[in-house]
Amino acid sequence: MRIFAAAAAVLAVTIASADVRADPIVIKFSHVVAENTPKGQMANKFKELVESRMGDKVKVDVFPNSQLFGDNKVLEAMLLGDVQIAAPSLSKFKKYTKKLQVFDLPFLFTDIEAVDRFQNSPKGQELLRSMEDKGLLGLGYLHNGMKQMSARRPLKTPKDAKGLKFRIQTSDVLAAQFKAVKAIPVKKPFSEVFTLLQTKAIDGQENTWSNIYSKKFFEVQAHITESNHGVIDYLIVTSSEFWTDLPADVRGGVEKAMAEAIAHGNQVALDKAVEDRQKIIDSGRSKVIELTPEQRQKWVDSMKPVWGKFQKEIGKDLIDAALAANETS
Ligand code: LMR
């Protein structure tokens with residue numbers, strides 16, 4: 001009888017402790033690019049780090065290739081609690097803040113190192129919190145790289161773009177940029193770009209080497225101009241509510257894993273900007289055009305007036321801070 005009572009007591013304790021063991025917190029991380037890209041690799045690294053360190057408390061489910069949400073839906077879904085982390089391109093936040101448009105100004109940054117310096121400057125860090133009133137919080141920036149223009153015909157000077165339809169991200173600055181060279185900007189989600197190019201519904205697009213390679217745009221675009229005219233980088237974003245509700249130890253662990261995953265993704269970005277460019281050249285499917293300084297200057301002269309149109313919305317202070325980041329000393 002006594003054995004029986006002892007066994008019952010042990011069972012009761014076991015059941016009670018099972019009851020208090022909470023289910024792990026699930027972080028859904030949604031993105032639109034392939035896994036073999038800076039963002040894809042960063043997301044996978046984040047999952048690996050979080051689960052190896054806190055797997056009993058936190059689980060990370062990564063959804064690449066617009067599997068869960070595409071560009072237009074992911075931030076709304078985040079505010080509804082249907083996804084916890086995303087990393088949209090900085091060109092996709094215009095509904096929530098106009099300030100991030102600074103990253104879209106054509107020919108603002110000399111290279112990705114300048115972009116990095118600006119992001120790490122006090123003004124750049126301030127931007128992480130520019131959507132707090134809308135319930136969104138930036139956890140950090142992630143690089144992809146400088147943008148190149150591709151088209152069905154060679155683009156050497158701005159007049160070559162006249163009348164061509166270019167797919168753009170949902171940014172009014174990018175629309176103005178293509179209108180400045182008398183081209184026709186068409187706002188479309190990333191997931192549709194390959195088919196639009198393949199069916200010739202559009203004539204061209206602008207993107208980074210890693211996106212042009214991983215999504216096979218180079219197979220359906222005969223010419224890529226190495227213009228480096230702008231940047232595609234990302235804001236790692238979460239909902240302020242989700243973030244503040246996390247237990248402090250989990251939040252600290254997630255933050256640390258995020259910083260390490262970003263560092264990893266940034267290295268992948270630097271490598272892919274070189275490797276994927278070379279793979280495209282080696283494929284022979286698309287001809288890469290290097291601009292002469294005179295040709296490049298013509299693009300600068302045509303597109304740079306766009307800055308003036310957006311200066312008020314973005315803020316001169318931000319544009320000046322971005323320009324200052326071009327100085328190396
Ligand atoms: C695009 O829409 O072209 C890019 O923003 C996709 C991405 O996330 O790199």
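In this predicted model, the axes of helix α2 (residues 38–54) and helix α10 (residues 248–283) come within 8 Å of each other and cross at roughly 150 degrees, where axes are lines fitted to C-alpha atoms, for helices over the stretch in contact, and angles run from 0 to 180 degrees between N-to-C directions. Helices (H or I, at least four residues) and strands (E, at least two) are DSSP runs, numbered from the N terminus, and the chain has 13 helices and eleven strands. Residues are numbered from 1 along each chain as its sequence is written, and side-chain values use heavy atoms, with hydrogens and water left out. Because the model is predicted, local features need pLDDT of at least 70 and side-chain atom pairs count only at pLDDT 80 or more, while totals for chains, interfaces and linings use all residues.

**The chain as a whole**

- Taken along the principal axes, the C-alpha atoms of the chain fill a box of roughly 95 × 45 × 35 Å.
- Of the 329 residues in the chain, 52% are buried, a word that here means under 20% relative accessible area, with exposed meaning over 50% and partly exposed lying in between (1.4 Å probe, protein chains only).
- Among the contacts in the chain with a separation of 6 or more, 75% come from residues 24 or more positions apart, and a contact means heavy atoms within 4.5 Å.

**Pairs of helices**

- Two packed helices are described by the angle between their axes and the distance between the axes.
- Helices α2 and α10 are therefore roughly antiparallel to each other, since angles over 145 degrees count as roughly antiparallel, under 35 as roughly parallel, 65 to 115 as roughly perpendicular and the rest as oblique.
- The contact of α2 with α10 has, by class, 14 nonpolar, four polar and five charged residues; Ala, Val, Leu, Ile, Met, Phe, Trp, Tyr, Cys and Pro count as nonpolar, Asp, Glu, Lys and Arg as charged, and the others, Gly among them, as polar.
- Helix α12 (residues 306–314) and helix α13 (residues 316–324) have axes that come within 7 Å and cross at roughly 115 degrees.
- In that pair, Trp307, Gln311 and Ile314 of α12 meet Lys316, Leu318, Ile319 and Leu323 of α13, and by class the contact has five nonpolar, one polar and one charged residues.

**Helix α6 and its surroundings**

- Helix α6 (residues 172–179) is mostly covered, with six of its eight residues buried, namely Val173, Leu174, Ala175, Ala176, Gln177 and Phe178.
- These buried residues of α6 pack against the strands β5 (148–151), β6 (165–168), β7 (184–187) and β8 (204–207), and also against the helices α11 (293–303) and α12.
- Ser171 caps the N-terminal end of α6, where a side-chain oxygen of Ser171 lies 3.2 Å from the backbone nitrogen of Val173.

**The loop between β2 and α3**

- Asp71 lies in the loop between β2 (58–63) and α3 (74–79) and is buried, with a relative accessible area of 14%.
- The side chain of Asp71 makes a polar contact with the side chain of Lys92 at 2.9 Å, a polar contact being a pair of N or O atoms within 3.5 Å in which, within protein, one must be able to donate a hydrogen and the other to accept it, and residues adjacent in sequence count only if both atoms are side-chain atoms.
- The side chain of Asp71 also reaches the backbone nitrogen of Phe190 at 2.9 Å.
- Ser66 has its place in the loop between β2 and α3, counts as buried at 18% relative accessibility and, leaving aside neighbours within four places in sequence, is in contact with His31, Val32 and Ser191.

- His229 is found in the loop between β9 and β10 and is buried, with a relative accessible area of 1%.
- The side chain of His229 makes a polar contact with the side chain of Glu206 at 2.6 Å, and, not counting residues up to four places away in sequence, His229 touches residues including Phe107, Gln177 and Glu206.
- Most residues other than glycine have a negative phi.
- Asn228, in the loop between β9 (223–226) and β10 (231–239), has a positive phi of about 45 degrees although it is not a glycine, and Asn228 counts as partly exposed at 24% relative accessibility.
- Phe107, in the loop between β3 (85–86) and α4 (112–120), has a positive phi of about 60 degrees although it is not a glycine, and Phe107 counts as buried at 11% relative accessibility.
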